[in-house]
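User: I should like to learn how to read the features of a protein model, one at a time. May we work through an example together?

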Amino acid sequence: MQVAIFILVVLGFVAVSGALVRLVRVPLPVLQIAIGAALAWPVRGIHVEIDPELFLLVFIPPLLFGDAVGVPKRELLALRGPILDLAIGLVFFTIVGFGYALHWLVPSIPLVVAFALAAVLSPTDAVAVSSIVDRNVVPARLMHILEGESLLNDASGLVMFRFAVAAVLTGSFSFAAASLTFLYAVAAGILAGVVAVFAAAKALQLLNRIGGVPAEAQVLVMILVPFIAYLGAEHAGASGILAAVTAGVLTSGSGIFRYLGVSARMQTISLWTTLSFVFNGALFILLGLLLPDIIRHVPPELSSRHWLIEPILTVLILTLCLIGLRFLWIWVGDIAARLAARFGKRKAETFGLRVRLAGAVAGVRGAITLAGILSLPLAMPDGSPFPARDVVIFLAAGVIICSLVIASLALPKIARGLVEPGEHPGAAEERRARVGAANAAIARIESIANDGSDGAVLGARLAAADSIVAGYRRRIAASDEADEARAEAREAGRLDLELRFAGIEAERAAVRAMFRSREINDHTMQALLTEITLTEALLKGRQARK
């Protein structure tokens, strides 16, 4: 019962944080950490015992799957060079550079454990970055690289983290054996993700053939995909992390959504958005809950001379070390890209100093790092405590918070002015797509309307077609290149939405009045209110895009 209450309290405050973030000028992850700390401090911290395997299973698959579904695939392919450079090359560079720096700074941490901490700190969190700084002030190319990197380095960083932990537990490490195991883990993990998506597609096809299956059953199939991929890969001794990432990438790119009904499709999209928000928020609140206890029990290895100053200084130095390693790697990568372009006689797409600095500071650590570090085993195979476990958890938590604070303070200032004022390239692309789709719809409707029929049917068909085509022409006008025409169309659209929202409110009030007067029962009321709400959601989506 206590566990259930604890979960409900955490979920309740995740919801509260979503409302509070609108009232305070603090990034959402920082606010959630503060809420957790405020909850825990009066009771001298909350000690949470976590089963590492269960923790990874519950949090990692849905988080990685949700990120993979939302990442833009075209940009991922177009920018695969710099993304892979950061997601793989920088991960290994960070593990080596940060691992040795940590072992030198805190000699009590064994080198292999230092490598494990470096590996789990290598994944970045693009979701946290987007909550800190407006996407419109960060160059689109940089944002796409950060998104792609955060998706792939989650997999590479956590795979290397597990190798390092295994080396600590077994006391041995073979580079050749690790390389072969790594290749197997990658290949089999990707295959497991492919198989999971294929199985989900077949299951959805079967449900469609049966007919009359509730939309909730189709949604449940989609919920199970990342967990099936993860568990299948782990059972085969492969990377469940890569399996979940692969499943997410294929889910949005393979067309599996066409097997979902309209209602199931809307529910799935809404549900995954909610789950991503809940899991990210729960992890940051959990970090806040652990924070007072972590601070009160600062490991003696970090507080030999000063109880608080020394650990804070250590965390700050390590965070700046991560930023410095990242900046150095991006800078060297830019030089390499410039040289490769010169030899290939093509134009190099390199970053300026401020963009490099923004990219370095934007490498904040977040939910995946926390999930990984909390999954450290409590004990060695012989029953002795896992070496330096409390120290590395303290340092990981400190670096997460410190990187978020530094990015919150510095990134908006660094990014200011990097994007020239004007229409965002994505908005222009969307506008062109809307015009093309609307013109195709008009041509098809006019073709059907002019189809040979008797006079009465033809007249009704033409009248209906004119009404529908008028809506498409308004959409085209709203996307017109000319500013004056677009302004006029936007004003007409605003008035149209205003009237439609007024009508919806009147509908809703009338349905509730009929229910109160017992003209309709609660089932009829709920059915009508659901239809009205869906219509309102579609109109609000149109309003948000204007």
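User: Where is the place of Ala 388?

Analyst: Please note at the outset that this is a predicted model. The place of Ala 388 is in the loop between helix H15 (367-374) and helix H16.

User: Is Ala 388 buried or exposed?

Analyst: A residue is called buried when its relative accessible area is under 20%. Ala 388 has 17% relative accessibility and therefore counts as buried.

User: How many helices and strands does the chain have, and what share of its residues is buried?

Analyst: The chain has 20 helices and 0 strands. Of its 546 residues, 42% are buried. Among contacts with a separation of 6 or more, 78% join residues 24 or more positions apart.

User: Which residues is Leu 395 in contact with, leaving aside its neighbours within four places in sequence?

Analyst: With those neighbours left aside, Leu 395 is in contact with Leu 102, Ile 109, Leu 117, Leu 302, Thr 314, Val 315 and Leu 318.

User: Why do the buried residues of helix H1 line one face of the helix?

Analyst: The buried residues of H1 are Val 10, Val 14 and Ser 17. Seen down the axis of H1, they fall within an arc of 65°, so they line one face. The length of H1 can also be checked: at 1.5 Å a residue, its 19 residues (2-20) should span 27 Å, and the end C-alpha atoms are 26 Å apart, which agrees.

User: Which residues of helix H14 are buried, and what covers them?

Analyst: The buried residues of H14 (residues 353-361) are Val 355, Arg 356, Ala 358, Gly 359, Ala 360 and Val 361. Their cover includes helix H8 (140-170), helix H13 (309-343) and H16.

User: How many aromatic pairs does a search of the whole structure find, and how is such a pair described?

Analyst: A pair of aromatic rings is described by the distance of the centres and the angle of the planes. The search finds 4 aromatic pairs. In one of them, the rings of Phe 65 and Trp 272 have their centres 5.0 Å apart and their planes at 45°, so the pair is tilted. This pair links distant parts of the chain, for Phe 65 is in helix H3 (residues 52-70) and Trp 272 is in helix H12 (residues 262-296), 207 residues apart. Phe 65 counts as buried at 1% relative accessibility, and Trp 272 counts as buried at 10%.

Tyr 100 and Phe 115 form an edge-to-face pair, with 5.4 Å from centre to centre and 80° between the planes. Tyr 100 lies in helix H5 (residues 80-105) and Phe 115 in helix H6, so this pair ties together parts that are 15 residues apart in sequence. Tyr 100 counts as partly exposed, at 47% relative accessibility.

User: What does the side chain of Thr 251 reach, and which residues does Thr 251 touch?

Analyst: Thr 251 is found in helix H11 (residues 240-253) and is buried, with a relative accessible area of 2%. Its side chain reaches the backbone oxygen of Ala 247 at 2.6 Å. Not counting residues up to four places away in sequence, Thr 251 touches Phe 65, Val 69, Val 197, Met 222, Val 225, Ile 256 and Phe 257.

User: Where does Ser 122 lie, and is Ser 122 buried or exposed?

Analyst: Ser 122 lies in the loop between helix H6 (111-121) and helix H7 (126-132). It counts as buried, at 4% relative accessibility. A polar atom of its side chain lies 2.5 Å from the backbone oxygen of Ala 119.

Notes
Residues numbered from 1 in each chain as written. Predicted model: local features only at pLDDT ≥ 70, side-chain atom pairs only at ≥ 80, totals over all residues. Heavy atoms only, no water. Contact = heavy atoms within 4.5 Å. Helix = DSSP H or I, 4+ residues; strand = E, 2+ residues; numbered from the N terminus. Buried < 20%, exposed > 50% of the residue type's maximum accessible area, 1.4 Å probe, protein only. Polar contact = N/O pair within 3.5 Å; in protein donor to acceptor, adjacent residues only side chain to side chain. Expected span 1.5 Å × (residues − 1). Arc of directions from axis to C-beta. Phe/Tyr/Trp six-rings, centres within 6.5 Å; stacked < 30°, edge-to-face > 60°.
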